[in-house]
Amino acid sequence: MSDGSRALREEIIATAIAMNAAGINRGTSGNVSARYRDASYDGFLITPSGLAYERTRAEDIAAVTLAGEASGPRAPSSEWRFHLDIYRSRADVHAIVHTHAPFATTLACMDRAIPAFHYMVAIAGGRNIRCAPYATYGTQALSDHAVEALRDRNACLLSHHGMIAVGPGLQRALAVAAEVETLAELYWRALQIGEPVLLSDAEMDVVLGKFAGYGRA
Ligand SMILES: [Zn+2]
């Protein structure tokens, strides 16, 4: 294991622990990955299947090539396929956080996208946060739906499942995931007292422009 690979593996574990500590995931239902390239490798590193993050060591992190070949002592997360397809289709993405965050997942169970009810929705890169149609976890169909829902976006919900946040690095992907969960909670609260009033496309475009100005990714 190279020093670069070890440092990234440790950052992945720290991100997974932080994801649970922030209350946006429980147990091992989520997963975290980061793109990894060196002279002899082109792929990504991902949390293994079914191992508590606190007990995960750097060598437990699975490696998957962009051809989809996994290596390491443990199997990669059962949801490695959508990580693979996101890295294949999005050169700008270097980290992915997938969680079953309670409020985001509640909306996803109602097949509800998050509309422009609050300006921070723009943190996901567009005027709304889409909800990808349901497909069985781990399948190519789910992966295809996720890639489509993430088109021009940094986050999406997964129907009857959870959410995905992506970014140029692990810190940013985790921050986007936390913000999406906050937005999901606010939207859920607003729905308790009626149908939230939405911002116009023009107002959202102003915010998107301001976010782009300080390195949205
Ligand atoms: Zn999941």
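Reader: Which residues of α5 are buried?
Author: This is a predicted model, in which local features need pLDDT of at least 70 and side-chain atom pairs count only at pLDDT 80 or more, while totals for chains, interfaces and linings use all residues. Residues are numbered from 1 along each chain as its sequence is written, and side-chain values use heavy atoms, with hydrogens and water left out. Helices (H or I, at least four residues) and strands (E, at least two) are DSSP runs numbered from the N terminus; buried means under 20% relative accessible area, exposed over 50% and partly exposed in between, with a 1.4 Å probe and protein chains only. In α5, the buried residues are L170, A173, L174, V176, A177, V180, E181, L183, A184, Y187 and L191.

Reader: Against which elements do the buried residues of α5 pack?
Author: Contact here means heavy atoms within 4.5 Å. By that criterion, the buried residues of α5 pack against α1 (3-21), β1 (31-38), β5, α3, β7 and β8.

Reader: How far does α5 reach from its first C-alpha to its last?
Author: The expected span of a helix is 1.5 Å times one less than its number of residues. With 23 residues, α5 has an expected span of 33 Å, and its reach is close to that, at 33 Å.

Reader: Which residues have the most contacts inside the largest nonpolar core?
Author: A nonpolar core is a set of buried Ala, Val, Leu, Ile, Met, Phe, Trp, Tyr and Cys residues joined through side-chain atoms within 4.5 Å. The largest one has 48 residues, and its largest share, 10 residues, comes from helix α5 (residues 170-192). Apart from it lies another core of 20 residues, including I46, L84, I86 and A132. Within the largest core, the residues with the most contacts are I114 and L157.

Reader: Which residues does L157 touch, not counting those up to four places away in sequence?
Author: In soluble globular proteins, nonpolar side chains tend to be buried together. Leaving out residues up to four places away in sequence, L157 touches A104, L107, A108, R112, I114, I129, R130, C131, A132, G162, M163 and V180.

Reader: How many aromatic pairs does the structure hold?
Author: Rings of Phe, Tyr and Trp (its six-membered ring) pair if their centres lie within 6.5 Å; planes under 30 degrees apart count as stacked, over 60 as edge-to-face and the rest as tilted. The number of such aromatic pairs in the structure is five.

Reader: What is the angle between the planes of F117 and Y187?
Author: F117 and Y187 are both buried. Their pair links distant parts of the chain, with F117 in the loop between α3 (102-109) and β6 (131-132) and Y187 in helix α5, 70 residues apart. The centres lie 5.1 Å apart, and the pair is tilted, with an angle of 40°.

Reader: Is F211 buried or exposed?
Author: Y119 and F211 form an edge-to-face pair, 6.5 Å centre to centre with 65° between the planes. Y119 lies in the loop between α3 and β6 and F211 in helix α6 (residues 201-213), 92 residues apart. Y119 is partly exposed because its relative accessible area is 42%. The relative accessibility of F211 is 9%, so F211 counts as buried.

Reader: Which residues are the protein donors of the zinc ion?
Author: Donors are N, O and S atoms within 2.8 Å of the metal (3.2 Å for Na, K and Ca); water is not among the atoms, so sites may look incomplete. Along the chain, the donors follow the spacing E-x18-H-x1-H-x60-H. Lying 2.0 to 2.3 Å from the zinc ion, they are E79 (OE), H98 (NE2), H100 (NE2) and H161 (NE2).

Reader: What is the arrangement of the four donor atoms around the zinc ion?
Author: Four donors count as tetrahedral if all angles lie between 85 and 135 degrees; four count as square planar and six as octahedral if opposite donors are over 155 degrees apart and all others between 65 and 115; anything else is irregular. The four donor atoms here subtend angles of 89 to 142°, so the arrangement is irregular.

Reader: Is H161 buried or exposed?
Author: H100 lies in the loop between β5 (95-99) and α3, and H161 in the loop between β7 (155-158) and β8 (162-167), 61 residues apart. H100 is partly exposed, with a relative accessible area of 27%. For H161 the relative accessible area is 10%, so H161 is buried.

Reader: What is the phi of H160?
Author: Most residues other than glycine have a negative phi, and most peptide bonds are trans. H160, in the loop between β7 and β8, is not a glycine, yet its phi is positive, at about 55°.
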